[in-house]
Amino acid sequence: VAGTFARIFNRQAAESTDIAGAVDKLAKLSATYPDLQAAAALQAALLRAMYAAPAPVQPLDISAATAATRLAARTPLLHGVALPFREQDLRGLFLRLCASARKQSESHASAATVLEEAVRRGRLDLWALSHKLIGGAGSTLGAALDAQELPAALTMTLLRLALLPFLEQVAVQLAPLRAGQAWQQGYCPSCGAWPILAEQRGLDQFRYLRCGLCADSWEVDRIWCVFCHNRDHLQLGYVQVEGEEQKQRAATCDVCHGYLKLRSTLTPLSVPELLVEEVALVHLDLIALEKGYAPP
Ligand SMILES: [Zn+2]
Ligand SMILES: [Zn+2]
């Protein structure tokens with residue numbers, strides 16, 4: 001097993017510095033916290049698979065007027081829009097992620113094999129699933145996959161990672177359409193997903209939410225629950241580990257019992273860095289869950 005980890009964490013020649021840096025950080029996490037070893041090695045393998053081939057994206061055709069109308073109606077820009085990349089490219093990336101999970105993780109190997117089979121035989125329609133996910137039907141998909149006897153959690157994890165390299169480029173295209181438009185919602189203005197964390201940027205600690213599906217970011221108020229919009233500071237709190245609260249903690253809400261991880265940064269995190277934080281901040285998830293808070 002040690003050999004497998006060493007191989008995964010070894011630098012590869014043609015890798016971008018972003019990815020190499022993220023893999024290095026995952027290796028350090030794995031060395032410092034033995035509990036995180038398996039999760040860090042799997043994340044490193046998935047990260048490499050995500051960027052092992054280009055993810056070509058077409059220009060998206062949304063006018064400034066359409067974008068303004070949608071945002072004013074609190075509708076994410078990609079709702080109901082045909083995704084501007086090719087189904088076969090998404091499928092190729094998803095299959096690379098399945099293969100990577102199968103090779104890297106004994107605990108996910110059999111589920112990953114089931115998924116590869118399901119995609120190859122047309123039992124799992126990734127294209128339709130992606131449009132439903134971005135169309136706002138994300139919460140119903142788990143039950144639908146269960147009914148098909150497919151491993152729902154792994155499907156959604158790998159689908160999200162397969163979509164990210166495409167959607168992060170789409171979000172960059174959408175940025176000019178969002179400029180100057182207010183968006184005081186907890187869900188993503190581009191794709192509608194919930195944030196995976198908030199960055200507290202710079203010395204002023206302005207709060208920016210980061211989307212887990214397209215990596216977009218948008219600024220929100222600090223004394224505010226992103227899930228239920230509660231502003232009563234007596235009902236808002238934090239969970240944290242003593243000594244690291246300046247760097248990272250989770251904001252909690254006693255009205256909806258949601259929580260959001262917060263990470264102090266000077267500059268926005270890259271997508272590979274966001275994926276590192278997913279592993280690095282897992283202890284905050286555990287503390288929040290233990291105290292009765294839950295993701296939306
Ligand atoms: Zn998004
Ligand atoms: Zn709340």
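**Metal site and salt bridges**

Colleague: How are the donor residues of the zinc ion (ligand 1) spaced in sequence?
Modeller: The pattern for the zinc ion (ligand 1) is C-x2-C-x19-C-x2-C. Donors here are N, O and S atoms within 2.8 Å of the metal (3.2 Å for Na, K and Ca), and since water is not among the atoms, sites may look incomplete.

Colleague: Before I go on, what am I looking at?
Modeller: It's a predicted model, where local features need pLDDT of at least 70 and side-chain atom pairs count only at pLDDT 80 or more, while totals for chains, interfaces and linings use all residues. Residues are numbered from 1 along each chain as its sequence is written, chains are lettered from A and ligands numbered from 1 in the order written, and side-chain values use heavy atoms, without hydrogens or water.

Colleague: OK, so which atoms coordinate the zinc ion (ligand 1)?
Modeller: The SG atoms of C188, C191, C211 and C214, at 2.3 Å.

Colleague: And what's the arrangement of the 4 donor atoms?
Modeller: Tetrahedral, because the angles run from 96 to 119°. Four donors get that label if all angles lie between 85 and 135 degrees; square planar (four) and octahedral (six) need opposite donors over 155 degrees apart and all others between 65 and 115, and anything else is irregular.

Colleague: Are C211 and C214 buried or exposed?
Modeller: Both C211 and C214 are buried, as in under 20% relative accessible area; exposed is over 50% and partly exposed is in between (1.4 Å probe, protein chains only).

Colleague: Switching topic: how many salt bridges does a search of the whole structure find?
Modeller: It turns up 11, each one a Lys or Arg side-chain nitrogen within 4 Å of an Asp or Glu carboxyl oxygen.

Colleague: Which residue does D89 form a salt bridge with?
Modeller: R86, with the closest N and O atoms 3.2 Å apart. D89 counts as buried because its relative accessibility is 19%, whereas R86 is partly exposed at 45%.

Colleague: What about R231 and D221, how do they meet?
Modeller: In a salt bridge, 2.9 Å from N to O. R231 and D221 are 10 residues apart, in the loop between β3 (217–220) and β4 (236–239); strands are DSSP E runs of at least two residues, helices H or I runs of at least four, numbered from the N terminus.

Colleague: Which residues are joined into one network by salt bridges that share partners?
Modeller: E199, R201 and R210. In the E199–R201 bridge, N to O is 2.7 Å. E199 counts as buried because its relative accessibility is 0%, and R201 is buried too, at 14%.
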